Amino acid sequence: MPRASAADAAETARRVREVAGERFAAEGFGTASVDDIARRAGVTRGAVYHHYDGKLGLFRAVVESLQSEIAARVVAEAEKQTDAAAQLRAGSHAFLDAITDDRAARVLLVDAPAALGLPQWRELDAAASGRELREAIVALGTVVPELVDALTAQLSGAMNEAALWLADRPGDERARAAAHAALDLVLDAIAPR
């Protein structure tokens, strides 16, 4: 019996996190309510607090989940390439596409730094896509160790800003093409084609 209970609890937590991700993306952290999330997930407010220790805990879980999804997409695209430069390029382009998914940009780049605080947001980012980006830069073998962290921060910042720029232009394929072309120019300085 305990296995079914644990499985049921895990499914409830997943469902609440999924609904919360939709609401945070649609309404923003400040506007989304725990009561509405609970109702839409078919659970009580108490169940949300039991699994996530409140709205901020739930939001953090959504952020971690989205970051994991994005990191997985980045790695999957990068691993299709055989050399380090092509992996960095493919992963960077995959990141730009993944982070501009309808759910991700607002939650991860707008609300997360404000709601969680910049230090915690950076910590979570560094543990996901930031780690993958750093490893890809190191794998190039052309960046001196003293510059790896600075380059990781700057490239990550450039991609995050491009994502925010694209988020302001939903459905604009010319803007998306321009963002990818500009990303290629930045990457050419790090890993020439």
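A pocket is an open set of grid points with protein on both sides within 12 Å along at least five of seven lines. I note that the model is predicted.

**Entry 1: the largest pocket**

I looked up the largest pocket and found about 410 Å³ of space in it. I counted 18 lining residues, and those closest to the centre are W121, R122, D125, A153 and S156. Which helices each supply at least two residues of this lining? I wrote down α6, α7, α8 (129-140) and α9 (145-167). Of these, α9 gives the most to the lining, with nine residues. I then sorted the lining by class. The largest pocket has six nonpolar, six polar and six charged residues.

**Entry 2: the second largest pocket**

Next I checked the second largest pocket, which has a volume of about 310 Å³. I found 20 residues in its lining, and V74, A78, E132, L133 and A136 are the closest to its centre. Helices α4, α5, α8 and α9 each supply at least two residues of this lining. Which helix has the largest share of the lining of the second largest pocket? I found that α8 does, with seven residues. By class, I listed 10 nonpolar, six polar and four charged residues for the second largest pocket.

**Entry 3: the cavity**

How many cavities of 30 Å³ or more does the structure hold? I found one. The largest cavity has a volume of about 60 Å³. I listed its lining as Q67, I70, F95, I99, L108, L109, W121, D125, S129 and N160. At least two of the lining residues come from each of α4 (55-78), α5 (84-99), α6 (104-116) and α7 (118-127). The class count for the cavity lining is six nonpolar, three polar and one charged. I went back over the names and marked two of them. W121 and D125 line the largest cavity, and W121 and D125 are also among the residues closest to the centre of the largest pocket.

**Entry 4: two packed helices**

I looked at helix α2 (residues 34-41) and helix α3 (residues 45-52). They pack at an angle of about 100°, with their axes 8 Å apart. Are they roughly parallel or roughly perpendicular? Angles of 65 to 115 degrees count as roughly perpendicular. Therefore I call α2 and α3 roughly perpendicular to each other. On the α2 side, V34, D35 and A38 make the contact. On the α3 side, R45, V48 and Y49 do. I counted four nonpolar, no polar and two charged residues in this contact.

**Entry 5: D53**

I went on to D53, in the loop between α3 and α4. Most residues other than glycine have a negative phi. D53 has a positive phi of about 55°, although it is not a glycine. Is D53 buried or exposed? I read a relative accessible area of 68% for D53, so it is exposed. The cut-off for exposed is over 50%.

**Entry 6: H180**

Why does H180 count as buried? I read its relative accessibility as 15%, and buried means under 20%. I then left aside its neighbours within four places in sequence and looked up the contacts of H180. I found H93, L96 and D97.

Key. Residues numbered from 1 in each chain as written. Predicted model: local features only at pLDDT ≥ 70, side-chain atom pairs only at ≥ 80, totals over all residues. Heavy atoms only, no water. Buried < 20%, exposed > 50% of the residue type's maximum accessible area, 1.4 Å probe, protein only. Contact = heavy atoms within 4.5 Å. Axes fitted to C-alpha atoms, helices over the stretch in contact; angles between N-to-C directions. Helix = DSSP H or I, 4+ residues; strand = E, 2+ residues; numbered from the N terminus. Parallel < 35°, antiparallel > 145°, perpendicular 65-115°, else oblique. Nonpolar A, V, L, I, M, F, W, Y, C, P; charged D, E, K, R; others polar. 1 Å grid on protein atoms, 1.4 Å probe; cavity = no way out; pocket = protein on both sides within 12 Å on 5 of 7 lines; lining within 4 Å. Points joined across faces, edges and corners; volume = space filled by probe spheres on them.
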